[in-house]
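Dear colleague,

I am handing over the structure below, together with some notes on what turned up in it. Please read the notes with the sequence and the model open beside you.

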Amino acid sequence: MTHLEMEELKENYLILYIEAVQTIINTYGLPAIVIGHSLGAMANIAALAKIRHTPNWIISLTPLIDLKANFAASMDFVAVPKDVQEHFFLNFEEKFNMKTAYFHLNSLYDFDNSQQHLVLYDHQDKIAPYTYLQSFFKVHPPTEAIDLNGVGHERILKSPEAISCVLEKIYLT
């Protein structure tokens, strides 16, 4: 499987993830808390925005902010030429009848300033770069953000400090 095919699968996965979150909510009811990691954090926010639900807490662990920029950076890393990347993004938009710009947390996040949102992140994260996250924090300043510096993108899920932060919000709800 080529790198471009893998990136397309990730974008397909996100669309399916958003639909799955919506189906779970429609089947089991509105959650008081949603928790998502990386692509899952973006999917949660997209699904909640689509159904216009504001839970007590949104908890995002190392969320992806700008999916197109993330994919472009990973394609740059493996030296995929820019024209091939652009062709990939155009094909995606044609195939799914969606703009890749849709997958940006700054535009997906459509909650007012009263929405409680905890973001746990790692300032050194290479998968969900802090520079992207900074843009989100500028647009959504009420977000509670905790830097678990050095814990890593995947290891944040097992981090005792992250688990403690999540449990604290659950117990408060």
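I begin with Lys169, which counts as buried at 6% relative accessibility, where buried means under 20% relative accessible area, exposed over 50% and partly exposed in between, using a 1.4 Å probe and protein chains only. Salt bridges that share partners join Lys169 with Glu144 and Glu168 into one network, a salt bridge being a side-chain nitrogen of Lys or Arg within 4 Å of a carboxyl oxygen of Asp or Glu.

Before going further, please keep in mind that this is a predicted model, in which local features need pLDDT of at least 70 and side-chain atom pairs count only at pLDDT 80 or more, while totals for chains, interfaces and linings use all residues. Residues are numbered from 1 along each chain as its sequence is written, and side-chain values use heavy atoms, with hydrogens and water left out.

To return to the salt bridges, the structure holds five of them. In one, the side chains of Glu144 and Lys169 meet at 3.1 Å, N to O. Glu144 lies in strand 4 (residues 144–147) and Lys169 in helix 7 (residues 160–172), so the pair ties together parts that are 25 residues apart in sequence; helices (H or I, at least four residues) and strands (E, at least two) are DSSP runs, numbered from the N terminus. Glu144 itself counts as partly exposed, at 29% relative accessibility.

Another salt bridge is formed by the side chains of Arg52 and Asp110, at 2.8 Å from N to O. This pair links distant parts of the chain, with Arg52 in the loop between helix 2 and strand 2 and Asp110 in the loop between helix 5 (105–108) and strand 3, 58 residues apart. Arg52 is exposed, with a relative accessible area of 59%, whereas Asp110 counts as partly exposed at 45%. Glu93 also forms a salt bridge, with Lys99, and the closest N and O atoms there are 3.8 Å apart; Glu93 is buried at 17% relative accessible area, while Lys99 is exposed at 56%.

Asp125, in the loop between strand 3 (116–121) and helix 6 (130–139), is buried yet has no salt bridge, and the nearest side chain of opposite charge, that of Lys126, is 8.1 Å away; here Lys and Arg count as positive and Asp and Glu as negative, with His and the chain ends not counted. The side chain of Asp125 does make a polar contact with the side chain of His153 at 2.6 Å, and it reaches the backbone nitrogen of Ile127 at 2.7 Å. A polar contact is a pair of N or O atoms within 3.5 Å; within protein, one must be able to donate a hydrogen and the other to accept it, and residues adjacent in sequence count only if both atoms are side-chain atoms.

Finally, strand 1 (residues 33–37) and strand 2 (residues 57–61) pair in the parallel sense over five bridges, pairing being assigned if DSSP finds at least two bridges between two strands. Val34 lies in strand 1 and is buried, with a relative accessible area of 9%. Leaving out residues up to four places away in sequence, Val34 touches Asn44, Leu48, Pro55, Trp57, Ile58 and Ile59, where contact means heavy atoms within 4.5 Å.
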